[in-house]
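Please read the points below beside the coordinates.

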Amino acid sequence: MNATELCQRLKIDFPVFAFSHCRDVVVEVTNAGGLGVLGSIKMSPEELDAELSWIDERVGGKPYGVDLIVPGVMQGKEQTPTAEQVLAQLPEAHKAFAESILASHSIDGSAVDDETRKGSLYFSNNARLSGADQLLDIVFRHPVALIANALGVPPAEMVERGKQNDVLVAALVGTAAQAVRQAEAGVDLIIAAGGEAGGHCGEIGTMVLVPEVCAALQAYPNTTVLAAGGIVTGRQMAAAMCMGAAGVWCGSVWLTTEEAETPPMVKEKMLAARSIDTIRSRSRTGRFSRQLRSAWTDAWETAGAPTPLPMPLQTALVTPYLNLVDKLASGGNAAAQELSTYYVGQGVGLMGKPLSTRATMQAMREDFLGAWERLSGFLGNES
Ligand SMILES: Cc1cc2nc3c(=O)[nH]c(=O)nc-3n(C[C@H](O)[C@H](O)[C@H](O)COP(=O)(O)O)c2cc1C
């Protein structure tokens with residue numbers, strides 16, 4: 001589908017797809033003519049049901065989507081271990097290292113015990129097939145227009161249920177070869193996410209990846225490409241669409257909006273950050289993800305740091321410590337503020353002003369039009 005066909009199919013008028021863990025952002029983007037996509041990885045099925053009902057009540061039938069993370073390959077993906085079995089796999093040396101980072105900032109990490117850890121097993125539950133199935137059961141009880149998957153080809157059942165329910169299936173990729181695998185699996189919307197992206201990302205920059213993916217998918221006319229990674233302005237969106245994308249998928253740009261879920265102190269850090277202030281690190285989930293560089297991420301890059309655990313264990317390990325850091329940082333603890341971090345892409349350097357989500361959408365539209373005029377003007381001068 002080209003941009004116009006995609007907009008017609010989804011009944012949107014500006015092809016901005018907004019990935020967010022925050023329901024308010026999803027509603028605001030959808031009501032502003034784009035398509036909000038709610039990240040569900042942190043939610044129990046009951047929480048997801050409540051969030052989607054909340055969204056349903058506010059979008060008046062306009063389209064929105066839900067995003068899952070079911071890695072194509074992950075140890076134990078087919079299993080359903082108990083919380084105790086997962087916690088037993090966290091090595092004492094890793095816990096001691098995480099505590100030592102906090103201790104070096106005068107924070108007592110020993111407050112993190114197994115009871116606390118049990119409250120942070122969302123990734124371990126939802127990234128497994130059994131957990132994802134439960135989330136999908138909820139998703140298809142709501143009038144969703146799109147379901148997306150990160151970190152590999154979605155489970156066959158997800159693709160089939162999408163087709164049965166006339167719901168577009170999307171997936172993120174970081175290489176052209178991955179895009180072809182998604183197309184072969186029947187995925188409709190392929191999100192080419194460059195290495196600038198916040199969250200999990202590959203190494204290839206958006207400027208190269210988007211045309212590569214578009215070229216590789218020419219043999220798959222039923223697929224549509226969205227561009228992601230570093231896109232926070234309308235001019236970047238225009239550039240991505242000039243390269244063949246039918247629209248853009250953005251995550252970072254919403255994090256400094258008034259509605260975002262980002263802790264206020266992290267939001268301030270993001271507003272002050274430059275594009276160089278992010279790092280692509282395995283320390284958060286065991287796979288490379290881009291986040292705000294901080295004393296916490298630096299500690300994981302030191303020579304003595306342990307190798308991050310495989311997915312999903314690293315998230316189970318670090319989440320309770322990072323939650324403690326965020327809590328203290330929000331309460332004004334300066335050392336905790338040095339440690340605090342969150343996923344964000346290199347586009348953070350372009351996000352200097354806190355705007356509402358609506359105003360961000362409007363700014364993107366105006367900037368997009370400006371880019372279009374600049375290009376048309378150039379052609380006019382040539383003739
Ligand atoms: C805070 C944050 C959390 C993210 N979590 C997920 C996620 O749960 N699932 C997913 O598919 N992508 C996730 N991503 C990646 C986005 O889907 C998207 O690829 C990325 O944000 C695009 O690049 P940008 O951040 O430069 O806009 C996340 C991104 C951010 C910034």
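1. Gly-251 counts as partly exposed because its relative accessibility is 26%, where buried means under 20% relative accessible area, exposed over 50% and partly exposed in between, computed with a 1.4 Å probe and the protein chains only. The residue sits in the loop between S9 and H13; helices here are DSSP runs of H or I with at least four residues, strands are runs of E with at least two, and both are numbered from the N terminus. Between the C-alpha atoms of Gly-251 and Gly-229 there are 8.3 Å in space, and the two are 22 residues apart in sequence.

2. This is a predicted model, in which local features need pLDDT of at least 70 and side-chain atom pairs count only at pLDDT 80 or more, while totals for chains, interfaces and linings use all residues. Residues are numbered from 1 along each chain as its sequence is written, and side-chain values use heavy atoms, with hydrogens and water left out.

3. Which residues come nearest to the ligand? Out of 18 residues around the ligand, they are Asp-67, Gly-230, Trp-249, Gly-251 and Ser-252, a residue being near when one of its heavy atoms lies within 4 Å. Strand S3 (64-69) and strand S9 (247-250) each contribute at least two residues to this shell. By class the shell has 11 nonpolar, 6 polar and 1 charged residues; in this scheme Ala, Val, Leu, Ile, Met, Phe, Trp, Tyr, Cys and Pro are nonpolar, Asp, Glu, Lys and Arg are charged, and the others, Gly among them, are polar.

4. A side-chain N or O atom of Asp-67 is 2.7 Å from an oxygen atom of the ligand, and a polar backbone atom of Gly-230 is 2.7 Å from a ligand oxygen. For Gly-251, a backbone N or O atom lies 2.8 Å from an oxygen atom of the ligand. On its own the ligand has 590 Å² of accessible area, of which the protein covers 96%; such areas come from the Shrake-Rupley method with a 1.4 Å probe.

5. The structure holds 1 cavity of 30 Å³ or more, and the largest cavity contains about 30 Å³ of space. A cavity is a set of points on a 1 Å grid over the protein atoms alone where a 1.4 Å probe fits but cannot get out, and lining residues have an atom within 4 Å of a point. Grid points are joined across faces, edges and corners, and the volume is the space filled by probe spheres set on the points. The lining consists of Leu-129, Ala-132, Asp-133, Leu-136, Pro-155, Glu-157 and Met-158. Helix H8 (129-139) and helix H9 (156-164) are the elements that give two or more residues to this lining, and H8 gives the most, with 4 residues. The lining has 5 nonpolar, no polar and 2 charged residues.

6. Most residues other than glycine have a negative phi, and most peptide bonds are trans. Lys-11, in the loop between helix H1 (3-10) and strand S1 (16-20), has a positive phi near 60°, and this residue is exposed because its relative accessible area is 70%. Asp-166, in the loop between H9 and strand S5 (168-173), has a positive phi near 55° and is exposed, with a relative accessible area of 58%. The peptide bond from Met-311 to Pro-312 is cis, with omega near 5°, and Pro-312 belongs to the loop between H14 and helix H15 (313-330).

7. Is Ser-294 buried or exposed? Ser-294 is buried, because its relative accessible area is 5%, and its place is in the loop between strand S11 (289-292) and helix H14 (295-301). A polar side-chain atom of Ser-294 lies 2.7 Å from the backbone oxygen of Leu-339.

8. Glu-268, in helix H13 (residues 264-272), counts as exposed at 57% relative accessibility. Gly-331, in the loop between H15 and helix H16 (334-339), counts as exposed at 70%.

Key: A polar contact is a pair of N or O atoms within 3.5 Å; within protein, one must be able to donate a hydrogen and the other to accept it, and residues adjacent in sequence count only if both atoms are side-chain atoms. On a 1 Å grid over the protein atoms alone, a cavity is a set of points where a 1.4 Å probe fits but cannot get out, and a pocket is an open set with protein on both sides within 12 Å along at least five of seven lines; lining residues have an atom within 4 Å of a point.
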